[in-house]
There are 2 protein chains.
Amino acid sequence: MTKTVQKRTLATRARLVEAASNVIAENGYEALRVEEVVKRAGVAKGTFFAHFADKDALMDRLIGEGINRCLDELEQCKAPADVEELVATLMPLLEFMTCERYVFDVILRYSGAAAIERIGDIAMTFERHGQVVSAWLADGPFRRDVSTQLLAEGIQAFSVQAMALKFCALHASESMESRLLTYLRAWLIV
Amino acid sequence: MTKTVQKRTLATRARLVEAASNVIAENGYEALRVEEVVKRAGVAKGTFFAHFADKDALMDRLIGEGINRCLDELEQCKAPADVEELVATLMPLLEFMTCERYVFDVILRYSGAAAIERIGDIAMTFERHGQVVSAWLADGPFRRDVSTQLLAEGIQAFSVQAMALKFCALHASESMESRLLTYLRAWLIV
DNA sequence: TAAATAAATTGACCGCGGTCAATTTATATG
DNA sequence: CATATAAATTGACCGCGGTCAATTTATTTA
């Protein structure tokens, strides 16, 4: 049970992540190609897959990072005083999650842990999100007949719905924010 | 503005769909390969893409068919008398939608219309689902302070959440049905 | 320090979805 | 019926994610 982590390993992985971040900064998430990443990192293609199970695993990590940055902001906020404030506070996170259709697709695919053994970064952010929101609900003008945990899960469900409809041709007219507002008024109000 | 639809076209498309259905019946949705489908249909690969924009378009159609079969059943049912009955009635549909992880992923991706111009089969089934459920809610012991339309959207949101958690390692313990029951009791009860 | 062992890296190769210029087949026109 | 025109079909080819036996580099052992 020896853990032999060479620092070369860390260095290579860091170079891969760095290169990937640059590609994304320049062209967005969807345009990322593994071949471009390894070229910039100066390693062979096989090396990439020695560090990440597949391309999605890299995305899980990078998008997870982005979500966590949003959650860092959320944690700074004081508990919203009403539904309007709650929705407004959540918006930056939802905007990031829907910055690209591809990003939203990856999030949906990984919001539940993808594999049995490995629980991905994105799945962990959903847990964290639930806890942050749950804490807010404890001292606000919201219904109390069910647990804050359940209310928080509902907020996630409605958030996903509102985000999904952003990409839906059938419902493009209403904004994500106003839609979520409608949902959460019906869900949270006593 | 002449529409010249050769019957050869229809025949070829039917052969492709037939072949695809057979492959799926034998090996499931995820295992479907376009090359296998065209081989069985006796046409070249390019022909497939003259009939379907991409592989997903075929999946949208075939999975959409499956959902519509479930909805046909649902329409036969009389309006559920309470939440328990409602959930029980919905289960066959949810079971089909989660018969494979791949199937659920495709459904999520296409539940909103994928492209602006073309509204896919799966997206249409969500509309249909909303209408069927909405009609049920009009005469049942459910809350009436918001529209049945909104309630139906919430049922969809919670259904998606319950299905997603079925594939989630973090929440594998509770069944899809009991989870949905918890959600909908909190959502629908007056 | 040299030999043995384990870990990291390499790049040719594969599978499979998707493209397109060229060809075949059907339909409209004189 | 012959010719022009449009539609359908073909298959070689490409892009890109992912694999793996062979090789290089680091660590352990004698």
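Start with chain A and select residues 10-70. UniProt lists this stretch as "domain: HTH tetR-type", in an unreviewed entry. You are looking at a predicted model. Switch to cartoon view. Residues 10-70 of chain A are 80% helix and 0% strand.

Next, go to chain B. Select helix α4, residues 55-76, and helix α5, residues 83-97. Their axes come within 9 Å and cross at roughly 170°. Angles over 145 degrees count as roughly antiparallel, so α4(B) is roughly antiparallel to α5(B).

Now show side chains where these two helices meet. On α4(B), pick Ile63(B), Gly66(B), Ile67(B), Cys70(B), Leu71(B) and Leu74(B). Across from them on α5(B) are Thr89(B), Leu90(B), Pro92(B), Leu93(B), Phe96(B) and Met97(B). Colour the contact by class: ten residues are nonpolar, two are polar and none is charged.

Last stop: the largest pocket. Its volume is about 580 Å³. To find its centre, select Asp54(B), Asp56(B), Ala57(B), Tyr110(B) and Ala114(B), the nearest of the 22 lining residues.

Which helices each supply at least two residues of the lining? Show α6 (101-111) of chain A, then α4 and α6 (101-111) of chain B. The largest share, five residues, comes from α6(A). Colour the lining by class as well. Eleven of its residues are charged, nine are nonpolar and two are polar.

Note on methods. Residues numbered from 1 in each chain as written. Chains lettered and ligands numbered in written order. Predicted model: local features only at pLDDT ≥ 70, side-chain atom pairs only at ≥ 80, totals over all residues. Heavy atoms only, no water. Axes fitted to C-alpha atoms, helices over the stretch in contact; angles between N-to-C directions. Helix = DSSP H or I, 4+ residues; strand = E, 2+ residues; numbered from the N terminus. Parallel < 35°, antiparallel > 145°, perpendicular 65-115°, else oblique. Contact = heavy atoms within 4.5 Å. Nonpolar A, V, L, I, M, F, W, Y, C, P; charged D, E, K, R; others polar. 1 Å grid on protein atoms, 1.4 Å probe; cavity = no way out; pocket = protein on both sides within 12 Å on 5 of 7 lines; lining within 4 Å. Points joined across faces, edges and corners; volume = space filled by probe spheres on them. UniProt positions renumbered as here; feature names shortened; annotations may be inferred.
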